[in-house]
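Please look over the protein model shown below, and then read the short briefing that follows it.

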Amino acid sequence: MLDSSAPIGIFDSGIGGMTVASAVTRLLPQENTIYFGDTAHLPYGDKSTAAIQAYSIKICNMLLQQNCKLILIACNSASAAAYELVKEYVGSKARVMNVIDPVVDYIKEHYDGKTIGLIGTKQTVLSNVYKKKVDALGKNINLKSLATPLLAPMIEEGFFDNNISESIIASYLSDQSISSIEALILGCTHYPLIKNQISNFYGEKVEILDTSEIVARSLKAWLEQHYLVNEKGSGKRQFYVSDYTLSFEQSTNIFFGRQIQLEHYPLWE
């Protein structure tokens, strides 16, 4: 039996999953959360499936030691490569959520017969996981995908909301393989940080699907459904990284409006 007062564990290769962590804490301020950024191995998008699976299991082990009631894989690459394995590994000790299924459920409800785009890392796009899941809906949805490998490292390095990021974003979004779309899935948890620039590129013509908000709502609904909402929690936030850097600590300002104390937790020692 899971304990409603136990924390929610959230992990990503680096900074991107904080868009999801931030959305979760806004929606569920009393929940205690533990965030793990695997900064020693970022980005996951260009790693092999086997490597991502190994990192994910190590991180889940650490989150299980902290008695997390729910583990959210806040990374599309890890959701594509490691979700099934992690779910099997965790078993009944905690619920495991990914960031792909809630988005597919949202698409099912709102985009019957429409053409939508997806941008993400090479790992996410080449895994074809979104296409398989969307096709399986039987809703006649045409999904057009494009790997945008420069975006996550660009964001990790703090290059967003400037001319450099604008040029790279415009170059990717002008690609013919994602032309004539009605909505765009931000298929990487880093991308909500450049949502405004993406919106500016399309004007009002394309709806931008902020996956962090969709995932947070899905997580809240699951906790409510299983009577696992922490009504009396203190909203304690803990942040761990596998490789400490000052720039990463300073970047936490962007998500939580204050600098956060990071704890160094090396995965392989």
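**Annotated cysteines and an enclosed helix**

C188 is found in the loop between strand 7 (183-187) and helix 9 (195-202), where helices (H or I, at least four residues) and strands (E, at least two) are DSSP runs numbered from the N terminus. This is a predicted model, in which local features need pLDDT of at least 70 and side-chain atom pairs count only at pLDDT 80 or more, while totals for chains, interfaces and linings use all residues. Residues are numbered from 1 along each chain as its sequence is written, and side-chain values use heavy atoms, with hydrogens and water left out.

**Annotated site**
- In an unreviewed entry, UniProt lists C75 and C188 under "active site"; its positions are given in the numbering used here, feature names are shortened, and annotations may be inferred rather than shown by experiment.
- The two span 114 residues in sequence, yet no two of their C-alpha atoms are more than 6.6 Å apart, so they gather at one spot.

**Surroundings of each cysteine**
- C188 is buried at 6% relative accessibility, buried meaning under 20% relative accessible area (1.4 Å probe, protein chains only).
- Leaving aside neighbours within four places in sequence, C188 is in contact (heavy atoms within 4.5 Å) with N76, I119, T121 and A152.
- C75 lies in the loop between strand 3 (70-73) and helix 3 (76-90), and is buried, with a relative accessible area of 4%.
- Residues up to four places away in sequence not counted, C75 touches F11, D12, Y44, V99 and T189.

**Helix 1**
- In helix 1 (residues 18-27), 8 of the 10 residues are buried, so this helix is largely enclosed by the rest of the structure.
- The cover over its buried residues includes strand 1 (8-12), strand 2 (33-37) and helix 10 (211-225).

Methods: Buried < 20%, exposed > 50% of the residue type's maximum accessible area, 1.4 Å probe, protein only.
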